[in-house]
Amino acid sequence: GTARRRLPQVLCLVAILGLAASLRVCSLGELPAGCWYDEAAAGLEARKILTRPAYLPPYWESIRWSAYLLAPYAAALKLFGNSIVSLRLVSAALGTAGVAAAYLFGREFFSPQLALVFAFLMATSRWHINFSRIAMTGIDCPLFELATLYFLLRGIRTGKRFDFACAGLCLGLGLSIYDAFRLFPIVVALFLAYYAWSHRSAIPWKALGGDLACMALATLITVAPLAHYALTHPDMFWSRVRQTSIFNEGSPQPLSRRLIRNVAAHLLMFNYQGDRNGRHNLPGEPMLDPASAVLFVLGLAYAVRHIGSSRHFLLVTWWAIMLCPGIFSLSFEAPQALRSIGSLPATYALAVESLQVCKLQVDRLRRRACKVAA
């Protein structure tokens, strides 16, 4: 029956998730070596929650981050003891959850078989694994991007308002944690606008309007504590963005030259020279393995060529817009793998898209061969 046909796929997914978890947990106390300043600050701040239960700020002023990760850090310290491993387990869990979200998104966007490929690429990505092993924000970004798009695409397909509410919840959580995620609502808005325009004759506008209103409400409720802090403490809230912005960089070089150099560095980081920061990458190594790099370039070229379709419009805008936090960062740091981590899932989705195109071409040739043989 159906259950028997799905069993191999379920077993493959379990194996991929097991692989993802093991790559993110193995030797977590030794690799990376030592303890980063951000990790130490996270541990000290999380300890305050355990000793002062009423203490749960929306913003972490000492390090200028959203404080939404402090509660999971505190829970990990409570459960597993005061160690760097306890803190890093939170990132490992978020990274593994991101692989699961890649599979769910892949089922909606590609096919069950290619969803497994997408999950496998995310599970074995050095870029993704690296930030899954450090107790700091960033790895949450791919998770909430994929979860938002999964529920949004599922809601569009099924028309269920619950899915739109879940999409809004995931969008709000993403906005509440990492600064680079703040551009993702632009991706969602552009995709919805383009989808509505390209399917304008077939969309039940009244129902869709209510669904999107539900999604927006869920987002606003989720992000409300941090939004209130941003409105009442704008200088503190935006200080990190101002500090890392290329527009505030004290450099004698013209802004245009620095921007062009940043764009080039980030375009080349996937298959030529990646982030040089040893915390973010094997210094200078491409962010993608050779096979993924080739598939990504082919997928990006195909998606740009066929950007008139809503699916390819989503892939291209998702990748390009979420690369911008890195591009508009300090020029001496370029390419910046952490601030451009929002482009990571789109990069691998483009790689899988090239496989999707190959599969469609093979199926077409097979059908032609069958007709000739008949």
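I looked up the buried residues of helix 5 and recorded Leu-114, Ala-115, Leu-116, Phe-118, Ala-119, Leu-121, Met-122 and Ala-123. I took buried as under 20% relative accessible area, with a 1.4 Å probe and protein chains only. Helices are DSSP runs of H or I of at least four residues, strands are runs of E of at least two, and both are numbered from the N terminus.

I note that this is a predicted model, in which local features need pLDDT of at least 70 and side-chain atom pairs count only at pLDDT 80 or more, whereas totals for chains, interfaces and linings use all residues. Residues are numbered from 1 along each chain as its sequence is written, and side-chain values use heavy atoms, without hydrogens and water.

I then checked the length of helix 5 (residues 112-124): its 13 residues should span 18 Å at 1.5 Å a residue, and the end C-alpha atoms, 19 Å apart, agree with this. The expected span is 1.5 Å times one less than the number of residues.

Of its 374 residues, 49% count as buried. The C-alpha trace spans about 75 × 45 × 40 Å along its principal axes.

Lastly I turned to Gly-284, which lies in the loop between helix 13 (255-268) and helix 14 (290-305). Leaving aside residues up to four places away in sequence, I found Gly-284 touching Tyr-272, Gln-273, Gly-274, Asp-275 and Arg-276, where contact means heavy atoms within 4.5 Å. Between the C-alpha atoms of Gly-284 and Ser-83, 201 residues apart along the chain, I noted a separation of 30 Å.

Technical notes
Buried means under 20% relative accessible area, exposed over 50%, partly exposed in between (1.4 Å probe, protein chains only).
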